[in-house]
Amino acid sequence: MAMIQAFDLQAVQKIRKGAVLVALVVLVGLTMVSQSASGPNSPVHEGVEAVGLAAIIFAIVGRAWCSLYIGGRKKAEIVSRGPYSISRNPLYIFSFFGAFGIGAQSGSLTLAMLFTLASLAVFYLTVRREEAWLGAAFGADYMAYKARTLRFIPRFSLWRDEAELSVRPSFFLTTIRDGLVFLLAIPLFEAIDLAQAEGWLRVLARLP
């Protein structure tokens with residue numbers, strides 16, 4: 001039974017990564033035929049990009065912080081300390097910031113929000129399946145944790161921390177590596193801006 005549950009969780013994670021990839025390809029495709037209404041060299045465009053970069057850095061740091069608590073432990077125990085004491089899915093929350101930051105590299109708040117909403121939809125569906133697995137694996141203990149801790153919205157009054165942590169460097173470094181992928185949005189969207197400026201890509205829509 002435990003082996004089946006572990007396999008199911010791994011399958012959910014693979015589905016999540018696949019769905020994220022599909023959503024990313026579709027949204028980048030939309031970006032290639034659209035442009036920020038203010039223009040690629042305007043202060044508004046540059047400002048949105050700067051806010052997006054800050055969101056990406058915040059996401060990378062936040063995801064790394066979460067990995068110190070959850071890395072390799074999800075299938076073995078209920079992690080309910082540190083960021084997991086105030087939200088059941090803090091790593092996904094930081095991923096939402098990363099998605100916003102990626103979309104914001106287009107200079108358009110509309111695209112930034114579309115990237116955020118797409119990530120929210122993907123993670124919501126996978127979180128529901130993960131919750132079913134965790135409920136079956138840990139029973140009443142997980143139900144009690146679920147009852148007092150919201151899925152996404154942090155409740156800071158519930159903060160509890162550990163006196164010390166046993167860190168697994170491989171998981172921490174993997175999370176850092178995955179987070180750094182967000183930064184690839186910067187040269188990607190700069191290349192799209194250049195291609196549009198040179199007329200290699202046709203702009204069909206201008207978005208705020």
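R177 sits out in the open: with a relative accessible area of 53% it counts as exposed, the cut-offs being over 50% for exposed, under 20% for buried and partly exposed in between (1.4 Å probe, protein chains only). The side chains of R177 and D178 meet in a salt bridge, 3.2 Å from N to O; the term asks for a side-chain nitrogen of Lys or Arg within 4 Å of a carboxyl oxygen of Asp or Glu. Salt bridges that share partners also join R88, E131 and R151 into one network.

This is a predicted model, in which local features need pLDDT of at least 70 and side-chain atom pairs count only at pLDDT 80 or more, while totals for chains, interfaces and linings use all residues. Residues are numbered from 1 along each chain as its sequence is written, and side-chain values use heavy atoms, with hydrogens and water left out.

The structure holds 3 salt bridges. E131 pairs with R88, the closest N and O atoms being 2.6 Å apart. That pair links distant parts of the chain, 43 residues apart: E131 belongs to helix α4 (residues 109–138), R88 to the loop between α2 and α3. Helices (H or I, at least four residues) and strands (E, at least two) are DSSP runs, numbered from the N terminus. E131 and R88 are both buried, E131 having 7% relative accessibility. E131 also bridges to R151, with 2.9 Å between the closest N and O atoms. Here, too, distant parts of the chain are linked, since R151 lies in the loop between α5 (140–148) and α6 (169–180), 20 residues from E131. R151 is partly exposed, at 22%.

Next comes the second largest pocket, with a volume of about 160 Å³. On a 1 Å grid over the protein atoms alone, a pocket is an open set of points where a 1.4 Å probe fits, with protein on both sides within 12 Å along at least five of seven lines; lining residues have an atom within 4 Å of a point. A volume is the space filled by probe spheres set on the points, which are joined across faces, edges and corners. Among the lining residues are F58, W65, F94, F97 and F156. Helix α3 (90–104) gives the most to this lining, with 4 residues. The lining divides into 10 nonpolar residues, 1 polar and no charged; Ala, Val, Leu, Ile, Met, Phe, Trp, Tyr, Cys and Pro count as nonpolar, Asp, Glu, Lys and Arg as charged, and the others, Gly among them, as polar.
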